[in-house]
Amino acid sequence: MYVCVCKAVTDRQIREAALGGARTLKDLRRDLGVTRECGRCASCAHDCLREVHGDAKTPAKASRRSA
Ligand code: FES
């Protein structure tokens, strides 16, 4: 599903970027363009990062938008 509508970035792309070494929103912004436009995706993108890196307080599913 789309996490960043402005840049058409999906949760899968964010997870792949995280597995490839992205650890921060700054990394995702550089690699995928998330948060470069309206910024509404920041929280969900951050949750995806946390989920991959194992420090999620809650699953990212809880805050995702439907696509
Ligand atoms: S939804 Fe990601 S910048 Fe707008």
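These notebook entries record what I looked up in the structure of one protein chain.

**Entry 1: overview**

I note at the outset that the model is predicted. I looked up the elements of the protein chain and found three helices and two strands. From the N terminus on, I read their order as β-β-α-α-α. I then looked up burial: of the 67 residues in the chain, 30% count as buried. I also looked up contacts between residues at least 6 apart in sequence, and 46% of these join residues at least 24 apart.

Which residues of helix α1 are buried? In α1, which spans residues 11-19, I found Asp11, Ile14, Ala17 and Ala18 to be buried. These residues lie on the same side of α1, because they cover an arc of only 125 degrees around the axis. I next looked at the face of α1 that is turned away from the buried side, and there I found the exposed residues Arg12 and Leu19.

What covers the buried residues of α1? I recorded that the cover includes the strands β1 (2-4) and β2 (9-10), together with the helices α2 (25-32) and α3 (42-53). I also looked at what comes after α1, and noted glycine 21, whose phi is positive, near 125 degrees.

**Entry 2: the nonpolar core**

I looked up the largest nonpolar core and found that it has 15 residues. The residues with the most contacts inside this core are Val3, Ile14, Leu28, Val34, Ala45 and Cys48. I noted that β1, α1, α2 and α3 each supply at least two residues of this core. Which element gives the most to this core? The answer is α3, with four residues.

Leaving out residues up to four places away in sequence, I listed what valine 3 touches: Val9, Thr10, Asp11, Ile14, Val34, Cys41, Cys44, Ala45 and Cys48.

**Entry 3: leucine 28**

Setting aside neighbours within four places in sequence, I found leucine 28 in contact with Ile14, Ala17, Ala22, Val34 and Ala45. I also looked up one separation: leucine 28 and glutamine 13 are 15 residues apart along the chain, and their C-alpha atoms are separated by 9.7 Å.

**Entry 4: α1 against α2**

At what angle do the axes of α1 and α2 cross? They cross at roughly 110 degrees and come within 11 Å. The two helices α1 and α2 are therefore roughly perpendicular to each other. I recorded their crossing as right-handed. Where α1 and α2 meet, I found Gln13, Ile14 and Ala17 on the α1 side, and Leu28, Asp31 and Leu32 on the α2 side.

**Entry 5: α1 against α3**

I then looked up the axes of α1 and α3, which come within 9 Å and cross at roughly 50 degrees. That angle makes α1 oblique to α3. The crossing of α1 and α3 is right-handed. From α1, I listed Asp11, Ile14, Arg15, Ala18 and Leu19 as the residues that meet α3. Their partners in α3 are Ala45, Cys48, Leu49, Val52 and His53.

Note on methods
Residues numbered from 1 in each chain as written. Predicted model: local features only at pLDDT ≥ 70, side-chain atom pairs only at ≥ 80, totals over all residues. Buried ≥ 20, exposed ≤ 12 C-beta atoms within 10 Å, placed from the backbone. Arc of directions from axis to C-beta. Contact = placed C-beta atoms within 7 Å. Core = buried A, V, L, I, M, F, W, Y, C linked by C-beta atoms within 7 Å. Axes fitted to C-alpha atoms, helices over the stretch in contact; angles between N-to-C directions. Parallel < 35°, antiparallel > 145°, perpendicular 65-115°, else oblique. Left-handed = near helix turned anticlockwise from the far one by under 90°.
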